[in-house]
Amino acid sequence: MKKLVLTGAAGRLGTILRGPLSQMCEELVTSDIVESLAELKSNETYIRADLADKSAIMALLEGADMVVHFGAIVDEAPFEELLGPNFIGAYNIWEAAYQHGLSRVVYASSIHAVGMYPKTECIGLDVPHRPDGFYGLAKCFAEDLGRMYWEKRGLEAVCLRILSCAPVGNARALGSWLSDGDLVQLVTRAIDTPVAGFSIIYGVSDNDRCPVDNSGAAFLGYRPNDNAEQFAERILAETGPHDPTDPGQMCHGGPFASIPLGEGAKSLLNIPDEE
Ligand SMILES: NC(=O)c1ccc[n+]([C@@H]2O[C@H](COP(=O)([O-])OP(=O)(O)OC[C@H]3O[C@@H](n4cnc5c(N)ncnc54)[C@H](O)[C@@H]3O)[C@@H](O)[C@H]2O)c1
């Protein structure tokens, strides 16, 4: 591949992906809204762009083969705050990708597109959307956008419904954890699979307590290596009793499912600091 674009490059997941993605292409163009990135790879160029700015995104994607779209506001927030980066930003990415003839969009979707399903229901890839807030609604919008651009305009998309790619700090993460290594494998498969059409796949490691079913996306070749069970003894010893009537404990979306619409939920996830 000649040119690959990564948005959200200054974020936690973007930072993990920059190195591996730089090895998959001749030229990696990374982008975010921050001023600059530290330690650019030898074939990496950084371009600052606001996802909500259509002309900036048009310029960013010019000449690219694929885009890995990870930029977003990553928490529940009022609709008006998410509208530019998460909703219009997704439209700008898909429209620019189509206008410039890119072959595929690899998109960081989220479990929060289906976060209101109860955890006792093992959900597959074909369940109807059931967002747990405006943040999840933006992921539903982008997934539907991706399906529409595939069906009407032949632009491929792989939507990675990531569960939790962060250090394990709560009982929910024993099922929902996606390790950094498995994230890299997931994104690599989404890029190098010869045929993607419009695909959805859950971004989750091979956890004993995994609450979702990825078998419908087996053709993508993603075979996770890690398992959060290694943390179970410590986490369960630290965790108090669960309330089975609290949506924040019984639903796939975790605390996003119980907080009022528009209120931030990320701080409730109790994510430990990186080591
Ligand atoms: N980390 C997880 O567990 C998780 C779970 C599900 C989905 N995701 C998705 O994965 C992607 C990356 O998540 P992350 O954990 O790295 O989050 P992050 O907040 O660390 O990174 C997001 C990046 O997007 C950038 N951004 C925000 N608004 C922007 C704008 N208007 N224009 C350009 N860039 C903008 C931010 O500056 C940030 O660097 C997001 O799309 C997120 O929704 C992450």
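Hi everyone. Let me start with how this chain folds back on itself: among contacts between residues at least 6 apart in sequence, 66% join residues at least 24 apart. Please keep in mind that what you see above is a predicted model.

Now for the overall picture. The protein has 8 helices and 7 strands. Along its principal axes, the C-alpha trace spans about 55 × 35 × 35 Å.

Let's zoom in on one residue, Arg 161. You can find Arg 161 in strand β6, which runs over residues 156–162. Is Arg 161 buried or exposed? Its relative accessibility is 1%, and buried means under 20%, so Arg 161 counts as buried. Its side chain also has a partner: a polar contact of 2.8 Å joins it to the side chain of Glu 143.

Next, the empty spaces. Rolling a probe the size of a water molecule over the atoms shows where empty space is left. I'll take the pockets and then the cavities.

The largest pocket has a volume of about 920 Å³. Its lining is made of 44 residues, and those nearest the centre are Arg 12, Leu 13, Val 74, Tyr 135 and Lys 266. Sorted by class, the lining has 24 nonpolar, 13 polar and 7 charged residues.

The second largest pocket holds about 490 Å³ of space. Here 21 residues form the lining, with Asn 170, Ala 171, Arg 172, Thr 239 and His 242 nearest the centre. Helix α5 turns up again, supplying at least two lining residues, as do α7 (232–238) and α8 (247–250). What classes do these residues fall into? There are 7 nonpolar, 10 polar and 4 charged.

On to the cavities. How many of 30 Å³ or more does a search of the whole structure find? The answer is 2.

About 40 Å³ of space lies in the largest cavity. If you want to find it on screen, look for His 69, Gly 71, Ala 72, Pro 85, Asn 86, Ala 90, Tyr 107, Ala 138 and Lys 139, which line it. Two helices, α3 (79–99) and α4, each give at least two residues to this lining. Which of them gives the most? That would be α3, with 3 residues. By class, the lining comes to 5 nonpolar, 3 polar and 1 charged.

The second largest cavity has about 30 Å³ of space. Around it sit Ile 111, Lys 119, Leu 163, Arg 172, Gly 175, Ser 176, Pro 211 and His 252. This lining divides into 3 nonpolar, 3 polar and 2 charged residues. Notice Arg 172 here: it lines this cavity, and it is also among the residues nearest the centre of the second largest pocket.

Notes. Residues numbered from 1 in each chain as written. Predicted model: local features only at pLDDT ≥ 70, side-chain atom pairs only at ≥ 80, totals over all residues. Heavy atoms only, no water. 1 Å grid on protein atoms, 1.4 Å probe; cavity = no way out; pocket = protein on both sides within 12 Å on 5 of 7 lines; lining within 4 Å. Points joined across faces, edges and corners; volume = space filled by probe spheres on them. Nonpolar A, V, L, I, M, F, W, Y, C, P; charged D, E, K, R; others polar. Helix = DSSP H or I, 4+ residues; strand = E, 2+ residues; numbered from the N terminus. Buried < 20%, exposed > 50% of the residue type's maximum accessible area, 1.4 Å probe, protein only. Polar contact = N/O pair within 3.5 Å; in protein donor to acceptor, adjacent residues only side chain to side chain. Contact = heavy atoms within 4.5 Å.
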